[in-house]
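Reader: I would like to go through some of the labels used for this structure. For each one, please show me how the value leads to the word.

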Amino acid sequence: MGKYSDRLNKAPETYTFDDFLIQPGLSTIIPKDVTLNTQVSTNYKLNIPMVSSAMDTVTEAPMAIAIAQEGGLGVIHRNMTIEEEVNEIKKVKYANDLTVREVITIEPDATIAHAQEIMDMEQISGLPVVTDEDKVIGIISRRDIKPLINKHPNKKISTAMTEKVLTIPENTNPDEALDLAYENKVERLPVTRNNNELVGMVTIKDILERKKYPNAIRDKDGKYLVAGACGPFDMDRAIALDDAGANIIAIDSAHGHKTDIMEAVREMNKNIEADVLLGNIATKKAAEYLLKAEVDGFKVGIGPGSICTTRIVAGIGVPQLSAISSVADVCQKENIPVIADGGIRYSGDISKALCVGADAVMIGSLLAGTKESPGETTIMNGRKYKQYRGMGSLGAMTGGVGAGTDRYFQNGSNNNMKHTKLVPEGIEGVVPYKGKAPEILFQLCGGLRSTMGYIGAININEMHEKAELVRITNSGMNESHPHDITITNESPNYQPRL
Ligand code: XMP
């Protein structure tokens, strides 16, 4: 035996999703009773263990809003300028913000006719009356104006307004606000601070809209949770995203196990308030080394993604279940969340990732073909499709701001660079259009709930503790897929592999 033959003979066996099944176990649990909440980073929990990929054909504000409404997390991609990414973060933060901040007001000396004019123009039915210092001193509604508008259009607002205004302080709980509005038969409540200073307005309509998403994941201000992707050396972007209110910064690199990345991210972490997820990694050694960066979670996956060619182009990677389990062994001891990134094709893959220690999964292709993903739908042979491309594909490296070049260490390249000087590690294609993201997430969660029922786990912690896997052969996998039948009605949670 010599050095080279040892390298082969002593190489560990590694596994991925199709190498195992989860063994059913004694259970009293029914799927509808399980809870799917999980820790995605030191300071943030999700209500479902799902995160959308930081890719330019997967996550911008519409996807991040949709997934947050269902209880998961969107990571805005970074193939755009800092200002554009900041803008996407802000769109998520302002979406369904209960308090409308730019309230249209009127002064007490304005006329009834003027109030009517504003209400007609802005299509609103009431205006807070404020002093020069923005202090609320009354409210005027169409009902107050109606009897006066014809006979006394020039009367001052102060003579017709309701002086006793029901206001609420900032951060009032939506249920309390709703009760108050119903009890007092008002449709809107001015939000004030200190000495009655107006800061916004809450309407019943917005509160009811919010109630449509009981599982939504929100930060302490009641706004949707959101993450922004950032290169490991891009301190300006990290700070800008942090200032814009991103809760989590997801460091986006094809190979996180690098000394300069560890140092840069440790520094970045000290300068921002947001939690930091570091990735991608695929080995125990990487996890142990990167503990020094003191980040809030690791992203695991080198080459499992549906659009990845890293394993083929560079011969590099670790099959995903082995990668997740080796990193999770380290992280469990340190209480650091693990996000399994890439390779999820079916809901059963999510369950397997969680069974080997992941706390959440990151999903690209399954969400790429949805209404909320960026890009247009195209029709080919009578079927609808949407574009899906790797961030290391030629298109992504030369489009946008060329973030892929930096993700794959081809710095110095830019979007004017000739295609022939780039070495892609991803491909571009299309995936079938799948309708709305919440419908996909519902099916993915449904599959996961079902797993938990089979193994008797009421929550993800119990899943981590109780799961037992069986190693299967190719024949075992073949038997697992539908066989000896022509599918006539496509199922919403199963498509044969292309
Ligand atoms: P899925 O399987 O969900 O994987 O489509 C999405 C994940 O793949 C990673 N990603 C890439 N990996 N080359 C790669 O090797 C690429 O061009 C590329 N683009 C994305 C990324 O981690 C994503 O979340």
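Reader: What separates Glu88 and Lys91 in helix 3?

Author: In this predicted model, Glu88 and Lys91 are separated by about one helical turn, because they stand three residues apart in helix 3 (residues 82-94).

Reader: What makes Glu88 and Lys91 a salt bridge?

Author: The closest N and O atoms of Glu88 and Lys91 are 2.8 Å apart. A salt bridge needs a side-chain nitrogen of Lys or Arg within 4 Å of a carboxyl oxygen of Asp or Glu, so the pair of Glu88 and Lys91 at 2.8 Å qualifies.

Reader: Is Glu88 buried or exposed, and how do you know?

Author: Glu88 has a relative accessible area of 9%. Buried means under 20%, so Glu88 is buried.

Reader: Why is Lys10 called exposed?

Author: The relative accessible area of Lys10 is 64%, and exposed means over 50%. Lys10 meets Asp6 in a salt bridge, with 3.6 Å from N to O. Asp6 has 22% relative accessibility, so Asp6 counts as partly exposed.

Reader: Which parts of the chain does the pair of Asp18 and Arg345 link?

Author: Asp18 and Arg345 form a salt bridge, the closest N and O atoms being 2.8 Å apart. The pair links distant parts of the chain, 327 residues apart. Asp18 is in the loop between helix 1 (3-9) and strand 1 (20-22), and Arg345 is in the loop between strand 16 (338-341) and helix 14 (347-355).

Reader: What else is Arg407 part of?

Author: Arg407 is linked with Arg78, Asp252 and Asp406 in a network of salt bridges.

Reader: What makes Ile312 exposed?

Author: Ile312 has 74% relative accessibility, and exposed means over 50%, so Ile312 counts as exposed. Ile312 is found in helix 12 (residues 310-313). With Val313 and Val423, Ile312 makes a nonpolar surface patch of about 310 Å².

Note on methods
Residues numbered from 1 in each chain as written. Predicted model: local features only at pLDDT ≥ 70, side-chain atom pairs only at ≥ 80, totals over all residues. Heavy atoms only, no water. Patch = residues over 30% accessible without salt bridge, like charges linked within 9 Å, V, L, I, M, F, W, Y side chains within 5 Å. Areas by Shrake-Rupley, 256 points an atom, 1.4 Å probe, with all protein chains shown as cover. Helix = DSSP H or I, 4+ residues; strand = E, 2+ residues; numbered from the N terminus. Buried < 20%, exposed > 50% of the residue type's maximum accessible area, 1.4 Å probe, protein only.
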